[in-house]
Amino acid sequence: GKRFMVEAQSMESGIPFPRRTALRNGTFELPQLSPGTYMFRLAIHEGGTRELLLLGQVDISGDVADLELSPQPPTGIRGRIVFQDSPPANVGLRLQSGEGPTRSYEMLRPSPDHTFDHGGIAPGRWTLEAMGGHYLVEPTTIDIAPGQMTELEVAVSNQYARVGGTARLQ
């Protein structure tokens with residue numbers, strides 16, 4: 001059967017893993033969240049699949065007992081990976097929002113036909129990079145608008161430049 005989990009992803013801590021708890025009879029409790037801004041999502045697990053629904057972004061400054069969340073219109077990206085100058089490979093994509101210790105991450109695992117569809121990403125500007133090998137991607141930044149699915153074709157290449165030379169010490 002289906003299992004439902006509520007996830008709270010810090011948008012400030014730089015910790016890439018969300019806090020999770022089971023949704024039981026429509027209620028949840030996440031103890032010991034540090035103050036900050038969190039993206040809440042509902043994860044629906046069925047068989048070997050997981051669907052993420054964005055529930056909202058909430059500022060937490062202390063205990064909250066009556067937070068009401070409901071699924072938002074899908075916000076995220078969908079598209080496909082196009083391989084340039086390299087054979088198709090098992091490449092994942094990582095999205096990064098923010099800088100330094102306040103960054104947050106989203107991982108995308110494309111299907112075998114190299115397509116992806118993730119409708120539970122917080123709105124904003126994200127940096128995109130390839131995971132699972134040494135690849136370059138284009139575009140490197142994307143803007144995700146609230147309540148919209150951004151269509152994207154990601155070009156992946158392994159065409160790095162080699163640089164050598166001398167460094168003079170005086």
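Trainee: Okay, buried means under 20% relative accessible area, exposed means over 50%, and partly exposed is in between, with a 1.4 Å probe and protein chains only. Arg41, then: buried or exposed?

Mentor: Arg41 is buried, at a relative accessible area of 3%. Before we go on, this is a predicted model: local features need pLDDT of at least 70 and side-chain atom pairs count only at pLDDT 80 or more, while totals for chains, interfaces and linings use all residues. Residues are numbered from 1 along each chain as its sequence is written, and side-chain values use heavy atoms, with hydrogens and water left out.

Trainee: Got it. Which residue does Arg41 form a salt bridge with, and how far apart are the closest N and O atoms?

Mentor: Glu7 is one partner, with the closest N and O atoms 3.4 Å apart. A salt bridge here is a side-chain nitrogen of Lys or Arg within 4 Å of a carboxyl oxygen of Asp or Glu. Arg41 sits in strand S3 and Glu7 in strand S1, so this pair ties together parts 34 residues apart in sequence. Strands are DSSP runs of E with at least two residues, and helices are runs of H or I with at least four; both are numbered from the N terminus.

Trainee: And Glu7, buried or exposed?

Mentor: Glu7 counts as buried, at 1% relative accessibility. Arg50 forms a salt bridge with Glu7 as well, with closest N and O atoms 3.1 Å apart. Since Arg50 is in strand S4 (residues 49–60) and Glu7 is in S1, that pair ties together parts 43 residues apart. Arg50 is partly exposed, at 41%.

Trainee: What does Glu106 pair up with in a salt bridge?

Mentor: Glu106 bridges to Arg41, with 2.8 Å between the closest N and O atoms. Glu106 belongs to strand S7 (residues 104–108) and Arg41 to S3, so here the linked parts are 65 residues apart in sequence. Glu106 is buried too, with a relative accessible area of 4%. Shared partners join Glu7, Arg20, Arg41, Arg50 and Glu106 into one salt-bridge network. Across the whole structure, the search finds nine salt bridges.

Trainee: Back to S1. Which strands does it pair with?

Mentor: S1 (residues 3–10) pairs with S3 (residues 36–46) in the antiparallel sense over eight bridges. S1 also pairs with S2 (residues 19–22), again antiparallel, over four bridges. Two strands count as paired if DSSP finds at least two bridges between them. Take Met5: its bridge partner in S3 is Ala43, and in S2 it is Ala22. S1 is mostly covered, with six of its eight residues buried.

Trainee: New topic: how many residues are in the largest nonpolar core?

Mentor: That core has 23 residues, and Ile77, Leu93, Leu95, Phe116 and Val154 have the most contacts inside it. The elements giving two or more residues are strands S5 (76–84), S6 (92–97), S9 (124–131), S11 (141–144) and S12 (149–157). A nonpolar core is a set of buried Ala, Val, Leu, Ile, Met, Phe, Trp, Tyr and Cys residues joined through side-chain atoms within 4.5 Å. There's also a second, separate core of 10 residues, including Ala8, Phe40, Ile44 and Val58.

Trainee: What does Val154 touch?

Mentor: Leaving out residues up to four places away in sequence, Val154 touches Arg80, Ile81, Val82, Leu93, Phe116, Leu128, Val137 and Glu138. Contact means heavy atoms within 4.5 Å.

Trainee: What order do the strands have in the open sheet?

Mentor: The order is S7-S6-S9-S11, four strands with antiparallel pairing. S7 and S11 are the edge strands, each pairing on one side only. S6 and S9 pair over five bridges, and Leu95 has Leu128 as its bridge partner in S9.

Trainee: Last one: how many aromatic pairs are there?

Mentor: The search of the whole structure finds two. Phe28 and Phe40 form a tilted pair, 6.4 Å centre to centre with 50 degrees between the planes. Rings of Phe, Tyr and Trp (its six-membered ring) pair if their centres lie within 6.5 Å; planes under 30 degrees apart count as stacked, over 60 as edge-to-face, and the rest as tilted. Phe28 is partly exposed at 28%, whereas Phe40 is buried at 2%. Tyr38 and Phe40 have ring centres 6.5 Å apart and planes at 50 degrees, so that pair is tilted. Ring pairs link Phe28, Tyr38 and Phe40 into a cluster.
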